[in-house]
Amino acid sequence: MLDEESLVRRAQQNDSDAFARLYEANFDKIYRYVVVRIGDRAEAEDVTQQVFVNALRSIGSYRWQGVSFSAWLFRIAHNKAVDHLRKRTRQAVTPLDEPLSDEGADPRLLVERKLDIERVLKATDKLTEAQREVIALRFTSGLPVAEVAEIMGKSPGAVKVLQHSAIVALRKVLVVEQGG
């Protein structure tokens with residue numbers, strides 16, 4: 001498998017296969033980050049696609065200067081999510097319920113899982129912007145502390161502190177919601 005740097009170089013030379021491989025390698029973690037930031041799966045799919053369209057248009061300007069390609073994508077994703085949330089607050093949106101489908105799974109468990117995810121997403125609204133970003137990058141995108149620090153422009157220690165304070169705050173919000 002080609003390394004990320006050589007794929008980026010090829011994509012910068014209009015190699016669509018190279019960009020497709022970068023897309024496949026990064027789509028899931030970018031999508032998970034965006035869905036946590038936005039809170040709506042369908043909208044997150046659209047925003048994630050916008051991230052990659054923007055990346056394709058701008059890949060010629062990307063330089064390997066202290067920022068990994070995935071960190072660059074996350075910065076684009078952050079900006080797109082912020083733009084989307086600003087637009088959404090200016091216009092009313094009626095979300096459509098997405099069907100629960102996981103063939104063979106217990107419908108009761110699917111509903112409980114969906115409700116748990118919705119509770120956690122709602123609880124993240126009580127966090128600061130930086131705490132939400134750390135939670136999204138660390139837990140939904142599965143990035144290591146060092147990469148989150150790179151994306152956010154913070155030290156690894158600062159990311160660990162933000163992560164800890166976010167978890168403590170989420171725990172408090174969820175316990176209060178449960179009446180405990």
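**Salt bridges**

I began with Asp 17, which at 42% relative accessibility counts as partly exposed; here buried means under 20% relative accessible area, exposed means over 50%, and partly exposed lies in between, computed with a 1.4 Å probe on protein chains only. Asp 17 forms a salt bridge with Arg 10, with 3.6 Å between the closest N and O atoms, and Arg 10, at 24% relative accessibility, is likewise classed as partly exposed. I used the term salt bridge for a side-chain nitrogen of Lys or Arg within 4 Å of a carboxyl oxygen of Asp or Glu, and I noted 8 of them in the structure.

The model is a predicted one, in which local features need pLDDT of at least 70 and side-chain atom pairs count only at pLDDT 80 or more, while totals for chains, interfaces and linings use all residues. Residues are numbered from 1 along each chain as its sequence is written, and side-chain values use heavy atoms, with hydrogens and water left out.

Next I looked up Arg 86, which forms a salt bridge with Asp 83 at 3.7 Å between the closest N and O atoms. Arg 86 and Asp 83 are 3 residues apart in helix α4 (residues 69-90), so about one helical turn separates them; helices here are DSSP runs (H or I, at least four residues), numbered from the N terminus. Asp 83 has a relative accessible area of 36% and is partly exposed.

In helix α6 (residues 129-140) I found Arg 132 and Glu 129, which lie 3 residues apart, about one turn of the helix, and whose side chains meet in a salt bridge of 2.9 Å, N to O. Arg 132 counts as buried at 19% relative accessibility, whereas Glu 129 counts as partly exposed at 35%. Salt bridges that share partners join Arg 37, Arg 75, Glu 129, Arg 132 and Glu 133 into one network.

Which residues does Glu 133 touch, if those up to four places away in sequence are not counted? I listed Tyr 33, Arg 37, Arg 75, His 78 and Met 152, where contact means heavy atoms within 4.5 Å. Glu 133 is itself in helix α6 and is buried, with a relative accessible area of 5%. I also noted that the C-alpha atoms of Glu 133 and Ala 166 are separated by 9.8 Å, the two residues being 33 residues apart along the chain.

**Aromatic pairs**

I then turned to the rings, and noted 8 aromatic pairs in the structure. The rings of Tyr 23 and Phe 27 have centres 5.2 Å apart and planes at 40°, so this pair is tilted; rings of Phe, Tyr and Trp (its six-membered ring) pair if their centres lie within 6.5 Å, with planes under 30 degrees apart counted as stacked, over 60 as edge-to-face and the rest as tilted. Both residues belong to helix α2 (residues 16-38), where Tyr 23 and Phe 27 are 4 residues apart, about one turn of the helix. Tyr 23 is partly exposed at a relative accessible area of 26%, whereas Phe 27 counts as buried at 17% relative accessibility.

The rings of Phe 27 and Tyr 31 have centres 6.1 Å apart and planes at 5°, so I recorded the pair as stacked. These two residues are also 4 residues apart in helix α2, which puts about one helical turn between them, and Phe 27 and Tyr 31 are both buried. Tyr 23, Phe 27, Tyr 31 and Phe 52 form one aromatic cluster.

Helix α7 (residues 145-152) is mostly covered, with 6 of its 8 residues buried, namely Val 145, Glu 147, Val 148, Ala 149, Ile 151 and Met 152. Gly 153 follows α7 and has a positive phi, near 70°.
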